Amino acid sequence: MVHREPVPSRTADLVLEGGGVKGIALVGAATALDEAGWRFARVAGSSAGALVGSVIAAMQRSGESMRRVDDILRSLDYERMLDRRSGGRALRWWPRAADAWGILFHLGMYRGHYLTQWTRGVLADLGVRTFADLVFDDPGSHLGPERSFRLVVTASDLSRQRLMYLPWDLGAYGVDLDRFPVARAVRASSAIPFMFEPVRLRSPFGLSTLADGSLLRSYPIDVFDRDDGQPPRWPTLGIRLSSPSNERAPAKAVTGPISMVMSLIYTTVDSTQVRHVSDPADVERSIFAKPRGVRWTDFDLTPEQQQELFDSGYAAGRRWVAEHPDGPPPRDG
């Protein structure tokens with residue numbers, strides 16, 4: 001093992017973009033930041049960024065080494081995430097019919113139960129169950145008590161056609177922020193439409209259907225920015241998994257209704273991911289970990305592909321650190 005000299009600790013907020021299985025690259029980039037001395041006061045993320053962010057936030061809270069994050073995320077069995085209900089399992093000999101059954105009766109081909117259970121178990125081992133365990137005692141913050149948490153994730157409320165920040169917006173839905181399970185928020189943020197069943201949330205507004213946060217806000221880079229006219233106490237660093245669309249990308253045939261649905265989802269999410277950030281200041285505080293050759297729904301990743309994703313993120317993080325030895329340029333407010 002290579003001996004690394006200790007480096008001074010620096011504080012930042014961390015924002016992680018959504019990107020399905022490509023989220024392993026987020027871990028690589030975050031590891032590079034950790035080795036450069038960065039520590040994360042608060043973490044925000046969407047979809048895969050919510051999953052990775054929840055583990056990082058829990059570990060930062062407990063003071064554990066970031067070096068364990070990779071080991072923890074590698075324990076996630078991506079193929080087990082494709083868990084069908086009994087009706088779908090009965091049709092496993094005809095996968096398209098199983099997909100259609102799940103979508104017709106449950107609005108998703110897969111339950112997402114394994115992901116919920118895995119997230120709940122990992123976070124519980126780190127001492128985190130509800131958002132009460134992630135309260136951030138930060139009197140110098142411009143955020144009010146209802147937003148003083150170490151983690152915030154995005155979700156799309158399809159019933160009310162609006163973006164939600166969890167746990168921040170739960171109070172408006174009549175939900176106790178402190179008692180809401182972190183694993184449930186991560187599950188909602190990761191519910192790719194028609195692929196995974198959405199999460200239901202009952203409130204005075206009625207029954208809301210929560211789906212993938214990437215539909216409306218894949219990369220909430222400005223979520224922690226001050227709006228009170230005061231200078232930020234520390235920067236926000238972001239890790240992106242997207243890149244501008246490839247004009248020479250090959251066409252993928254749309255062969256039927258299910259293929260059409262999935263192509264619509266790919267188009268919506270991919271276009272959302274690449275259009276959020278154009279401000280040069282936001283580009284400067286963003287690490288572009290752009291893994292290639294893997295789609296965000298390739299749940300049959302080999303160990304070699306997982307390592308390649310981690311390595312691509314780690315290399316991108318190292319490049320950013322080398323180009324920004326003093327961190328990103330200061331922002332106003």
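Predicted model: local features only at pLDDT ≥ 70, side-chain atom pairs only at ≥ 80, totals over all residues.
Residues are numbered from 1 along each chain as its sequence is written, and side-chain values use heavy atoms, with hydrogens and water left out.

Helix α2 (residues 48–62) packs against α7 at an angle of about 155°, and their axes lie 7 Å apart. That makes the two roughly antiparallel (over 145 degrees). At this contact (heavy atoms within 4.5 Å), Ala-50, Leu-51 and Ser-54 of α2 meet Val-182, Val-186 and Ser-189 of α7.

Helix α7 (residues 182–189) has another partner, α6 (residues 113–125): their axes come within 9 Å and cross at roughly 140°. The pair is therefore oblique. Here too the crossing is right-handed. From α6, Leu-115, Thr-116, Thr-119, Arg-120 and Leu-123 meet Val-182, Ala-183, Val-186 and Arg-187 of α7.

Now follow the chain to α10 (residues 303–323), whose 21 residues reach 30 Å from first C-alpha to last. Its buried residues (under 20% relative accessible area) include Leu-309, Phe-310, Tyr-314 and Trp-320. Seen down the axis of α10, the buried residues fall within an arc of 160°, so they line one face of the helix. They pack against several elements, among them α1 (24–35), β2 (38–46) and α3 (67–74). On the other side of α10, Glu-304, Glu-308, Ala-322 and Glu-323 are exposed, meaning over 50% relative accessible area.

How values were computed. Helix = DSSP H or I, 4+ residues; strand = E, 2+ residues; numbered from the N terminus. Expected span 1.5 Å × (residues − 1). Buried < 20%, exposed > 50% of the residue type's maximum accessible area, 1.4 Å probe, protein only. Arc of directions from axis to C-beta. Axes fitted to C-alpha atoms, helices over the stretch in contact; angles between N-to-C directions. Parallel < 35°, antiparallel > 145°, perpendicular 65-115°, else oblique. Left-handed = near helix turned anticlockwise from the far one by under 90°.
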